[in-house]
Amino acid sequence: MEWHWPKDLEELARLLKEEGALIHAGGTAIREERIKSAVHVIDMSCLPLNYVKRQDGVWHIGATAVLNDIIDAFEGAHGDHLLVKALKNTATTPLRNRITVGGSVFLSPLWSNLMGPLLALEAEVEVVGKLNGTYKYEDLLSKKAEFQGSAVKEIKFSDKNIMYFFDRFARTATDYSAFTVTIVLAVETDVVKDAKIVVTGCKKIYERLSQAETKVIGKKLKELTPEDILEGANVEFADKPAGSGAYLAEVSKVFLCRGLEALGCAR
Amino acid sequence: MCEVMKMKANFKINGKNFEFEFPPHAKLLDVLRENGFTEVKCGCREGFCGACSVLLDGKLVNSCMIYAASAKDREITTVKKIGTLHEPHPIQEAFVEAGAVQCGYCTPGMVLATYTLLERNPNPTDEEIKEALDGNFCRCTGYVKIIDAVKLAAEKVKEND
């Protein structure tokens, strides 16, 4: 077994073609057995992918940027931002200094809290290797197996003129999330132009509440109640340590109502 | 019996250069402890307790969650770089004065977490202290005295500056 530290994307692409290659970014989610069974471990840390920047209204986050770097960059630019709210509730300070956005996107564990916000922001993911190119994050999630042999290079999204709500349900502050609720609205002169409502941690990994989204688009939020918007929306959960599936379904409805009210719905 | 393959890598630890040999799957915690840096404590081995905290290029991390190979050529700081028994850092003095040390097992990690906090934020609020120390568990003192120690440390560091 051999460790490699590629210095540029060409070298990375060449190494990704090797049989039995394992990509190591922060490494916090890679078990020792996985390292032992790998033929090649490709460490991403020497690649020039540790950046968080905004260009022409689009955020670009390099794959090796760690969660605390993202929090710092967004707090500096915005103060209050959806990603700050989501990531500050992820793991602990020393782990956030190690967990990279690339690893979190590729593995998409619920505990990273990134899945909901990136889906709601319609993030795109640029990858290097077998499937070289830019893909919707939603596509990467649904076709994860096809992306083996590729590595995340960059995440990008626009957050222009958005209002947001994010919350997560967990037993304690440092516990993994049982589910997350993300609502992102683009509003102009009180009228909702676009809406994304995402619940993660449910039976289907995540659910977009498309019907509810349709109900708010073109409307003024203050003329709708959360109950109107969420009528017919059923998110199913499996039983978890944080509660039974039925309980989590009820609590997620409370969170959705709370979020819509916070964004200006009628009470 | 099969022989375990080993690799060599360089590290800069507390300002000095070292070359260590270790298995490719070894964790930084084990490599440090096996080479004499026993001030880095072994706790949960799952990234929860913070006993194994070190600074990697100035950032607080759990050394039990880092493969040693991935820290190759990087700068590692343990609590012994911050202060020693005979020349303690104001943060270490504050922990003793505030009664924030009982068994002492979590203290190296707590001191390093406080060090990185005060470097970024010399006047932390209680909430900011709790956030910065969220990855460091203490099973003896409770946390009231530790928070008092961080506030006292902030005062001492400012006086020393």
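**View 1. Meet the largest nonpolar core of this predicted model.** This core counts 82 residues, and the ones touching the most other members are Ile155(A), Phe157(A), Phe11(B) and Phe22(B). Which element gives the core its largest share? That's helix 4 of chain A (residues 82-87), which puts in five residues.

**View 2. Zooming in on Phe11(B) and its contacts.** Here we skip the neighbours within four places in sequence. What's left includes three phenylalanines, Phe18(B), Phe20(B) and Phe22(B). Phe11(B) is also in contact with Leu28(B), Ala68(B), Ala71(B) and Ile76(B). Lys16(B), Asn17(B), Lys72(B) and Arg74(B) complete the list.

**View 3. A sheet of four strands in chain A.** Follow the strands in the order 9-10-11-12: they form an open sheet, and the pairing is antiparallel. Which strands sit at the edges? Look for strand 9 (162-169) and strand 12 (205-208), each of which pairs on one side only. Going from one strand to the next, the twist averages 15°.

**View 4. Strands 9 and 10 of chain A, side by side.** Strand 10 covers residues 179-188, and eight bridges link it to strand 9 in the antiparallel sense. To get your bearings, find Asp167(A): opposite it, in strand 10, stands Val181(A).

**View 5. Helix 11 of chain A packs on the sheet.** This helix spans residues 245-262 and touches strand 9, strand 10 and strand 11 (191-202). Its direction makes about 155° with that of strand 9.

Conventions
Residues are numbered from 1 along each chain as its sequence is written. Chains are lettered from A and ligands numbered from 1 in the order in which they are written. This is a predicted model: local features need pLDDT of at least 70, side-chain atom pairs count only at pLDDT 80 or more; totals for chains, interfaces and linings use all residues. Side-chain values use heavy atoms; hydrogens and water are left out. Two strands pair if DSSP finds at least two bridges between them. Helices (H or I, at least four residues) and strands (E, at least two) are DSSP runs, numbered from the N terminus. Axes are lines fitted to C-alpha atoms, for helices over the stretch in contact, and angles run from 0 to 180 degrees between N-to-C directions. Contact means heavy atoms within 4.5 Å. A nonpolar core is a set of buried Ala, Val, Leu, Ile, Met, Phe, Trp, Tyr and Cys residues joined through side-chain atoms within 4.5 Å. Buried means under 20% relative accessible area, exposed over 50%, partly exposed in between (1.4 Å probe, protein chains only).
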